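This briefing is set out for reading beside the model. Please keep the sequence and the structure in view.

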Amino acid sequence: MTIHKLKSFIVSTFTFRINWNHFKSKLLLRYVLSYILIFLIPLTGVTIFVYDSAVSGLRTEIEQSNINQLNQVKMTIDSRIAELRELSGRIAYDRRLTPYMVRDSYYRVEAIQALANYKANSSIIEDIFIYYHNDPVIYSYRGLTNVNVTFDSFYRYENWSLEDIIVALNETNQMFIRPAENVTINSSRQEAMLTVIVPIKPNAPYPYGSVVYMVKESNLTGVMDSILSDFTGSSYIFNQNNEVLTANNHGVTLSQEHLGSLAALDAGIHNLSLNNDKYSVVSVKSGENGWNYMTIMPSYQFFSRVAHVQTLILLVFVIAVITGVLAAFVLARRQYHPIKDLMEFAKLRINDTSEPKTRNEWEWIRQTLHDYSTRIDMQEPFVRNQCMLLLLKHGKPDDPEIERMIAGVGLESPKEQVIYFCVILSWEENDAAEELQNDRQQVHEILSHVEPSGLQANIYGVEFSADNQFALIVSLPDPGQDSLKIRMEQIIRSVQALISENTRLDPSMGVGTPYRDLGQLNQSFIEAATALEHRMVGSSRITYFDQLAEQNHPVAKGVWLPRKSLLKLEQSLKQGNESVAVQMIAEMMETIRSEPLLQIHLLRCICFDLLNALLRSASEVGMNEVFSNISDYTSFETLEEFEDKLLSLTTEICEKVERNHEQAAPKLIDDIVHYVNQQFADYTLSLEHVALKFSVSTSYLSRSFKEKTGTSFSQYIWKRRMEEVIRLLVTTSAPLKEIIEQVGYLDAPNFIRKFKKETGLTPGQYRKQHRSNRLDI
């Protein structure tokens, strides 16, 4: 088989050589040399560049990958620490964990349970304690115990004495994180743990207690390992004091001296020599807490990955050169073959078998095309129709000559955005009679090119081979999406009027979708043909593809419940809106019933998806008792039985939400009003700020605040500030600007205008008048 192919190649090459010699042309050789040079010069340059940059490029890629992964580690751990800080804030403002509630024997159980819930909300907390200053007792989610017992028997630190622990608990006024160290737990096992102490209230000048978190070092190193994945070096976290909070060594162990030099490095990529070994160090710094996250990898691990780069690059270069030379010959032959065929075809068309007198084949083709150009000018209408027919059937080709023809027709406008669409006219069978042939020919002439009055549109008629059909290309300036449909209808009506005024014909019309790209006109043509083919008998003689498309109902893509429906259901349950929740359940159950061919296992999975949405909502509103009877909801025989259980659970959840609102609303609004009375002078105070602080929606807060105080939130703030300004004006001699800033107003001129509008006096006049009144008294 191989010999046969080789023989065929030799014969074809010999035949090709005869033809080449016949034209005495070096065009093929030029093609071959051009392809080789075009291929070989860039290949050589790229090979040299790749070889020179292989090591540095690969190193940069690895280090950049480490930076990206390390940034992800930083964001993940920073978020975990932020969670602890946020958790402490929530504990500080939790009324169940006040000193009074915790120490009270009746409420202590509720406080312990609340502490357990806070522990469960964090994925990295091993243990949690709450301690009140100068109290011999410390509280955890397991109960209360003596401080000495907790940190001498249950948790015993290797390098942290009990006395120092008690001092830290009583005197810490900022968040404090102790680096990981071995802690003996229950005198039975050791665990490397970090200790986090957060004063309560956080950032308060005089905290009254502390929240203590015990965090396993493995929880943080586990996060680092999972993100860094196949990283083979070691990773460290240094705090703002350059102490090692936690370390994760993989074959690289450094002394304290070297760790100190690492901690002093700035963020970025560094190359260090430690113990006569070279290392690549990547460091990122957290703007959240000032920590340094760092990875260190021996450089030899990197260079081992590029040991075979030289051989590999050389081998690839040789193979590429051989392949390129062969490809150059093949491509040259393929490129020359159409030229040879074109010359033979042209010679047959002009009946010229003489030998070309020009320098090469291209010169001969150029001269021949020049001779044909005069004939083309004489056939412009035919060329115009063929050019438009090409647009209709194949779109806009990437050919400069054809683009020039299209520009000459006037379809494209370089100054404004143009809309294009296609219309196909079809005659009825009785319109094909001989007496109407002249009318049809007249339509072709009238619609060859027409510009309807007042519509700023151009209409071009195109003849094509379909029987009893005629195509129109319509272009118009983009009128905007809102008025596009109206403009299209006006153009179609003008075409109808033009035909009816000049002929006896009443053709049917199919109208395609408008496009902003002339290259998509072929799609509009197909759509117009489709609209015409599927026009409804007895309806209007004009069919728009968009109208036809709207009749096609979308096919369902799956049987799973839409996520937006589940989210809407959960939100209605959280708000206690039973009517909406019942409606959503009914719609989703109908969706399930509409799929009769579902397997029973898949059906139950879909049902459990809906049940899970209700259970999540029940858990969020505090209905934990529902999980003790979970089997009652998961056991059902029919969809009707399952729906009844869902509706029953929905009613219970909504009733629970209403009870929660009734119990929490009065006390919550009282707390909010008290907070506003204390903070009204804070210029950052706003409805959104208070809503975020008390975890309520702005709409609920605005409505409830007005019901409580009789005024809106902004009016109430203004009233309190006015009262304070008046008090300070009358009782002090402080400057007006200082008084205005003291009550939280930064725009003094605006405040003065509002003050005068309300009191009739400027602040200065008010102070003078009321001081005079006090002196008279």
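In this predicted model, pLDDT (the predictor's confidence in each residue, from 0 to 100) stays under 50 over residues 551–557. For that stretch the model has one contact (heavy atoms within 4.5 Å) beyond four places in sequence. Residues are numbered from 1 along each chain as its sequence is written. Because the model is predicted, local features need pLDDT of at least 70 and side-chain atom pairs count only at pLDDT 80 or more, while totals for chains, interfaces and linings use all residues; side-chain values use heavy atoms, without hydrogens and water.

**Confidence**
- The protein chain has an average pLDDT of 78, and 80% of the residues score at least 70.
- Over residues 1–24 the pLDDT is below 50, and this stretch has 17 contacts in the model beyond near neighbours in sequence.
- Where pLDDT is low, the predicted coordinates should not be read in detail.

**Helix α7**
- Helices (H or I, at least four residues) and strands (E, at least two) are DSSP runs, numbered from the N terminus.
- Buried residues (under 20% relative accessible area, with exposed over 50% and partly exposed in between; 1.4 Å probe, protein chains only) of α7 are Glu217, Leu220, Thr221, Val223, Met224, Ile227 and Leu228.
- These residues cover an arc (of the directions from the helix axis to the C-beta atoms) of only 150 degrees around the axis, and therefore lie on the same side of α7.
- Just after α7, Ser229 has a positive phi of about 50 degrees.

**Backbone in the loops**
- Ile200 and Lys201 are joined by a cis peptide bond, with omega about 5 degrees; Lys201 is in the loop between β6 and β7 (209–216).
- Asn134, in the loop between β1 (125–132) and β2 (137–140), has a positive phi near 60 degrees.
- Asn134 counts as exposed because its relative accessibility is 69%.
- Asn186, in the loop between β5 (176–185) and β6, has a positive phi near 55 degrees.
- Asn186 counts as partly exposed, at 43% relative accessibility.
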